Amino acid sequence: MSLDAREKIGRNDPCPCGSGKKYKHCCLAGFTPSIDYLWARQHGESARLTREMMRFAARKFGERIHEAWQDFNMSEAPQPLEEFSEERQIFMPYFLFQWDPDVQRRGAARRLGGVVARWYMLEKSKELTSMERMFLEQATTQPLTFYEVVWSKPGESLLLRDVLIGSETEVIERSASQALRQGDLIYGQIWHEPELAVLGCSSPLTIPPDRKCRVIELRQQLKKKIAKQNRYLTPHDLLRYQELIRATYLGIRDALYAPPQFCNTDGDPLLFHTLTYRIESVESALDALSPLAIGHSREDLLSDAELGEDGKLQSVEIDWVREGNRKIKSLDNTILGRIKISEGVLIADVNSDNRAQQLRKEIEKRLGSMAVHESTLVQTLDDMRKSASQESAEDKELHEAKNEALLADPKAREFLQAMVQKQVEGWVHEKIPALCGRTPLEAVRDPDGREMVEALLLQWERNDERGISPDQIRPDIGAIRRLLNLPAPAA
């Protein structure tokens, strides 16, 4: 069977139900089976065949399953399969139908189907029904690729678009269709069975829309490999480069499972430093460090200062400010840290190791012998969260009440909304790593870049749906689409 052909069953062919009768004397003679009937029958037969092959594989190749797991992950030391049980959903079909240790270990010529499937068909050749042969043929000849959900009818079906070659297929899928939504991606295989198409296998991981950028980069890479042939990518190309496609899936999978890396606006990993100095005079420290608060005059700083009964300065806070912002060009300045000066002590807080080193140099250069470094406390984000969790219920209620009061003020709310919107719209001018270092305005000029930007915006809109209450500040992402001349997302 060709990769994308659906052969019709002749009247005198064996009935695909496996009864051994001719089609005209079996299913064709009695009734026209419904899609539900066909799906249920074929789903049941496929599950039975998989169980049989699992028993066969355990008997013949059970001792080599770890080797197959290494080959699937393209790693000599992958996470143990026992600790990654959900990945069995995509690994076991690979083990049964695709794994070929001769190719993996000795570079032999690639053959359709893996060693388990070939041995099974050889041993069971006289016992296989026509439907079982069809399943085995589909499982060993159809490519595994990346599919994007075009639409979903929960509990019924999905329309899937192959991101690499562009073809669309409606598949009957009862389970995954309940969770997948427009824009999601999956790594899997479609089986073209008589009268319907189904998901032969798929990864357990739903790939979010923003990871489509990596798949588009893969598509560009594959197109370069066949560029001299002056043609489009085909399913045969996907089979030829199946390991490159799987490597892309593994990269996306591992990145999604990895703990998030939080950074500040300089791109430095978050690591909170509290620098403590012993000082001689609040006034002297303010005079020396006030130039760090770019855009704020001495009068501005003193407006919120604490004075004693005698009018003497007792404590004051300074924001360490830098003009502009390296990552968000729409911002006029960046607050790098905060310095609190009080009688005999100076405490400075910053959120990265790099900023801590810079600020310590500034303080010691400007204050000289008037400041003596006493300690530096370093905390991770988890440490900070633990400290925050110990905050009293009263403090939390007070903090929430302040936020509610701020949002209840129309002028404050309007200011915050405008500030958030300015940052959001400034994104179109930022160089985005996922866009290969281009800005969204540059990326939308070509079809691949436009598709990448659409994927990023869809993910942004998804994130914006979560945990948003009616009274919270919410950016208008539609404004970005208008700036980029992109249509609104389909309903």
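Me: Among contacts between residues at least 6 apart in sequence, what share joins residues at least 24 apart?
Reply: This is a predicted model. Contacts here are counted between residues at least 6 apart in sequence. Of these, the share joining residues at least 24 apart is 61%.

Me: How many helices and strands does the protein have?
Reply: The predicted chain has 491 residues, and 42% of them are buried. Its elements come to 19 helices and 11 strands.

Me: Is helix 8 roughly parallel or roughly antiparallel to helix 18?
Reply: Helix 8 covers residues 212-225 and helix 18 covers residues 447-465. They pack at an angle of about 165°, with axes 9 Å apart. Angles over 145 degrees count as roughly antiparallel. So helix 8 and helix 18 are roughly antiparallel.

Me: Is the crossing of helix 8 and helix 18 left-handed or right-handed?
Reply: Two packed helices are described by the angle between their axes and the distance between the axes. Handedness is a further detail of this pair. Helix 8 passes helix 18 in a crossing that is right-handed.

Me: Which residues of helix 18 meet helix 8?
Reply: From helix 8 come K212, C213, I216, E217, R219 and Q220. By class, this contact has 5 nonpolar, 1 polar and 5 charged residues. The residues they meet in helix 18 are D448, E451, M452, A455 and L456.

Me: Which residues does E451 contact, leaving aside its neighbours within four places in sequence?
Reply: E451 sits in helix 18. The contacts of E451, leaving aside neighbours within four places, are K212, I216 and R219.

Me: Is E451 exposed or partly exposed?
Reply: The relative accessible area of E451 is 22%. Buried means under 20%, and exposed means over 50%. The value for E451 lies in between, so E451 is partly exposed.

Me: Is E461 buried or exposed?
Reply: E461 is also placed in helix 18. Leaving aside neighbours within four places in sequence, E461 contacts I477, R481 and P489. Its relative accessibility is 18%, and the cut-off for burial is under 20%. E461 therefore counts as buried.

Me: Is helix 8 roughly parallel or roughly antiparallel to helix 10?
Reply: Helix 10 spans residues 242-257. The axes of helix 8 and helix 10 come within 11 Å and cross at roughly 160°. Over 145 degrees counts as roughly antiparallel. So helix 8 and helix 10 are roughly antiparallel.

Me: Which residues of helix 10 meet helix 8?
Reply: The crossing of these two helices is right-handed. The contact has 6 nonpolar, 2 polar and 2 charged residues. Helix 8 brings R214, V215, L218, Q221, L222 and K225. In helix 10 they meet L244, I245, T248 and I252.

Me: How many aromatic pairs are there, and is the pair of F91 and F95 stacked or tilted?
Reply: The count comes to 15 aromatic pairs. F91 and F95 are 6.1 Å apart, centre to centre, with 15° between the planes. Planes under 30 degrees apart count as stacked. The pair of F91 and F95 is stacked.

Me: Where do F91 and F95 lie?
Reply: Both F91 and F95 are buried. They are 4 residues apart, about one turn of the helix. Both lie in helix 4, residues 88-98.

Me: Which residues do ring pairs link into a cluster?
Reply: F91 and F95 are among them.

Me: Which strands hold F146 and Y187?
Reply: F146 and Y187 form a tilted pair, 5.5 Å centre to centre, with 45° between the planes. Both are buried. The pair links distant parts of the chain, 41 residues apart. F146 is in strand 1 and Y187 is in strand 4.

Me: What is the phi of M74?
Reply: Most residues other than glycine have a negative phi. M74 lies in the loop between helix 3 and helix 4. At 39% relative accessibility, M74 counts as partly exposed. M74 is not a glycine, yet its phi is positive, about 55°.

Me: Is N485 buried or exposed?
Reply: N485 is found in the segment after helix 19. Its phi is positive, near 55°, in a residue other than glycine. The relative accessible area of N485 is 63%, and the cut-off is over 50%. So N485 is exposed.

How values were computed: Residues are numbered from 1 along each chain as its sequence is written. This is a predicted model: local features need pLDDT of at least 70, side-chain atom pairs count only at pLDDT 80 or more; totals for chains, interfaces and linings use all residues. Side-chain values use heavy atoms; hydrogens and water are left out. Axes are lines fitted to C-alpha atoms, for helices over the stretch in contact, and angles run from 0 to 180 degrees between N-to-C directions. Angles under 35 degrees count as roughly parallel, over 145 as roughly antiparallel, 65 to 115 as roughly perpendicular and the rest as oblique. A crossing is left-handed if the near helix is turned anticlockwise from the far one by less than a right angle, and right-handed if clockwise. Contact means heavy atoms within 4.5 Å. Ala, Val, Leu, Ile, Met, Phe, Trp, Tyr, Cys and Pro count as nonpolar, Asp, Glu, Lys and Arg as charged, and the others, Gly among them, as polar. Rings of Phe, Tyr and Trp (its six-membered ring) pair if their centres lie within 6.5 Å; planes under 30 degrees apart count as stacked, over 60 as edge-to-face and the rest as tilted. Buried means under 20% relative accessible area, exposed over 50%, partly exposed in between (1.4 Å probe, protein chains only).
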